[in-house]
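Please look through the sequence and the model below before reading on. The paragraphs after them are meant to be read with the structure open.

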Amino acid sequence: MSFGSGVAIYFIVWWVCLFAVLPFGVRNAHETGETVAPGNEAGAPVHPMLIRKVLATTVLATVVFLLILGQVTQGWIGFDDVPFLKDMPT
């Protein structure tokens with residue numbers, strides 16, 4: 001895998017992990033019992049904790065990327081290792 005491909009794959013994995021991590025721990029004004037000012041959305045998060053989520057996303061994306069990198073470079077799992085592919089006619 002070239003350096004540019006690795007950066008592109010990490011970028012994509014990071015964004016997918018971010019969208020997976022964003023909903024964790026989010027509470028809106030109604031759930032926390034706070035009053036909503038006129039003109040504000042009642043479903044908006046009160047404390048989104050974005051710094052913590054960015055750090056968690058970076059750790060998760062790094063682990064996932066290392067698994068992808070290991071699969072690409074080492075070939076841990078091949079097509080012969082997938083059971084239902086062995087029984088398919090060619």
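This is a predicted model: local features need pLDDT of at least 70, side-chain atom pairs count only at pLDDT 80 or more; totals for chains, interfaces and linings use all residues.

Residues are numbered from 1 along each chain as its sequence is written, and side-chain values use heavy atoms, with hydrogens and water left out.

Helix 1 covers residues 3–21, where helices are DSSP runs of H or I with at least four residues, numbered from the N terminus. Helix 1 has 19 residues and reaches 26 Å from its first C-alpha to its last, close to the 27 Å expected at 1.5 Å a residue, the expected span being 1.5 Å times one less than the number of residues. Within helix 1, the residues Gly-6, Val-13, Trp-14, Cys-17, Leu-18 and Val-21 are buried; they lie on the same side of helix 1, because they cover an arc of only 140 degrees around the axis. That arc is taken from the directions from the helix axis to the C-beta atoms, and buried means under 20% relative accessible area, exposed over 50% and partly exposed in between, with a 1.4 Å probe and protein chains only. The buried residues of helix 1 pack against helix 3, residues 50–74, contact meaning heavy atoms within 4.5 Å.

On the other side of helix 1, Phe-11, Ile-12, Val-16 and Phe-19 are exposed; Ile-12, for instance, has a relative accessible area of 53%. Together with Trp-15, these residues form a nonpolar patch on the surface, with about 560 Å² of accessible area. Accessible areas come from the Shrake-Rupley method with a 1.4 Å probe, and for residues only the protein chains shown count as cover. Patches are made of residues with over 30% relative accessible area and no salt bridge, with nonpolar side chains (Val, Leu, Ile, Met, Phe, Trp, Tyr) joined within 5 Å and like charges within 9 Å; a salt bridge is a side-chain nitrogen of Lys or Arg within 4 Å of a carboxyl oxygen of Asp or Glu. Ala-8, also found in helix 1, is partly exposed at 40% relative accessible area, and its C-alpha is 31 Å from that of Pro-45, 37 residues apart in sequence.

The loop between helix 2 (29–32) and helix 3 holds Glu-34, which is partly exposed with a relative accessible area of 41%. Not counting residues up to four places away in sequence, Glu-34 touches Ala-29 and Val-46, and the C-alpha atoms of Glu-34 and Val-46, twelve residues apart along the chain, are separated by 8.8 Å. Glu-41 has its place in the loop as well and counts as exposed at 58% relative accessibility, with its C-alpha 8.9 Å from that of Ala-29, twelve residues apart along the chain.

Met-49 lies in this loop too and is partly exposed, with a relative accessible area of 32%. Its phi is near 55 degrees, a positive value in a residue other than glycine. Most residues other than glycine have a negative phi.

Helix 3 has 25 residues and reaches 35 Å from its first C-alpha to its last, close to the 36 Å expected at 1.5 Å a residue. Its buried residues are Lys-53, Thr-57, Ala-61, Phe-65 and Gly-70, and what covers them includes helix 1. Helix 3 is followed by Gly-75, whose phi is positive, near 65 degrees.

Conventions
Helices (H or I, at least four residues) and strands (E, at least two) are DSSP runs, numbered from the N terminus.
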